[in-house]
Amino acid sequence: MIQQLSPTEPRPVELKPDATRVRFRHRHRHRTGPTPASAPAPAAGSHRAQWADAAKGVCIILVVLWHVVVKDYLQIDWHVGVPVPGFWGTLGEQFLPLRMPLFFTISGVFAANAAQRQWRVVARSRIAGFLYLYAVWLLIHTVVLAAAPQLPTDRATSALGLLEQLTVTPSNLWYLYALALYFTIAKVTRRAPRALVLVPAAALSAVAAAGLLDTPGNRAGLYQNLVFFLAGLYLRPQIQRWAATASRRRLLLTSGGYVLALAAMAVTGAQQWFGVWPAVSVLAVIFGITAAARLSRWSALSEPLARLGRITLPIYVIHMPVLALLHRLLLVPLSGLDGSAQGLIVLGYPILLSGLVIGLSLAVHRGLLAVRAGWLFALPGARRVEAAG
């Protein structure tokens, strides 16, 4: 939980450097310390990033939901007589300016301390670490997705295609690839004036969003989100102050601004006008930070989301193979149901399947750790993977 400020508290709380690490430690069977149930209550400082972890939890849910809708739900032959599938597709599109820009902004906030460390530390723990995870899980995805050819997603079907995904055209795992690249850029430009880094990154985002660059595969996301990672990295104090002072009035204003921007963009068809998509994404991120900060006041909801936000890595890397196998299992039977049977599930299906995919992903993660396959989630020799994303 983040400490909330009263009107008489002028200073926002700060994130501790390592307060948000995701630990994948391999413990001996016999513990010498307290179990989670008996552990003492954590100090107040350990709760300060709850709004950020809750935001990450929402983002990973939106990632899974979007993939469920686009790659599975809309591929089913629905004959229910009502446009419910179209509704889910349209709803998912409204979160596109929010989901990954907010994810990368929070990643940048969490990366601010790590980016100040020595090159050898950053090169191993972050750059090599994320590239290692990307390569390992790309190979796993390639094998599993070959068993579900009906799933509409990027996949390597040849050695040359796999090499391309490993190097210049990242796969569905592009978030890991992007973090390695973004950390490299952050370190190389650490002494440069921030404006000289942010302005070109913003221009790159606008150019890519306007379709002025060739963006096969997932290169578009790679180009468009660098500016948000750097903004989180450089503007962490301002972001923390904004979150710490979030008010109900500000939430109403930012949500209203985001909705109006989406409506204006849709009515005018301005999605590919130069600078429009990044500008709407900025509004979305401001709204997302405000909403997450307000949400952190409701522990019954924010605490589960924050717990989810601290384990996004296994969900991110595992959910696509799980979805692919479920898609292969469910596509034909669900398409063959009559209209009345489909009508019972058409509205809630994306929510139910998203929950199932997340639950199975976490179960697979626990199983892999139980058989000492923690090397799938961290560079061997590294004790933990920090939540830069």
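Q: Buried means under 20% relative accessible area, exposed over 50% and partly exposed in between (1.4 Å probe, protein chains only). How many of the 24 residues of H13 are buried?
A: This is a predicted model, where local features need pLDDT of at least 70, side-chain atom pairs need 80 or more, and totals for chains, interfaces and linings use all residues. Residues are numbered from 1 along each chain as its sequence is written, and side-chain values use heavy atoms, leaving out hydrogens and water. Helix H13 covers residues 312–335. The helix is mostly covered, and its buried count is 18.

Q: At which residue of helix H13 does the kink lie?
A: Look for the proline, Pro 321.

Q: How many helices and how many strands does the protein have?
A: Both are DSSP runs numbered from the N terminus: helices are H or I with at least four residues, strands E with at least two. In this protein the tally is 15 helices and two strands.

Q: What percentage of the residues in the protein is buried?
A: The protein has 389 residues. H13 is an element with a mostly covered surface, having 18 of 24 residues buried. For the protein, the buried share is 50%.

Q: What separates the C-alpha atoms of Val 58 and Leu 308?
A: Val 58 sits in helix H1. Val 58 counts as partly exposed because its relative accessibility is 31%. Leu 308 is 250 residues away along the chain. Their C-alpha atoms are separated by 8.4 Å.

Q: Why does Ser 107 count as buried?
A: Ser 107 belongs to helix H3. Ser 107 counts as buried because its relative accessibility is 1%.

Q: Which residue's side chain makes a polar contact with the side chain of Ser 107?
A: A polar contact is a pair of N or O atoms within 3.5 Å; within protein, one must be able to donate a hydrogen and the other to accept it, and sequence neighbours count only if both atoms are side-chain atoms. The Ser 107 side chain reaches a backbone oxygen, that of Phe 103, at 2.8 Å. Its side-chain partner, at 2.6 Å, is Tyr 175.

Q: Is Thr 169 buried or exposed?
A: Thr 169 lies in the loop between helix H5 (159–167) and helix H6 (174–188). Its relative accessible area is 6%, so Thr 169 is buried.

Q: Which residue's side chain makes a polar contact with the side chain of Thr 169?
A: Start with what Thr 169 touches, not counting residues up to four places away in sequence: Glu 164, Pro 216, Gly 217, Asn 218 and Arg 219. The side-chain polar contact spans 3.0 Å. The partner is Arg 219.

Terms used:
The bend at a residue is the angle between axes fitted to the seven residues ending there and the seven starting there. Contact means heavy atoms within 4.5 Å.
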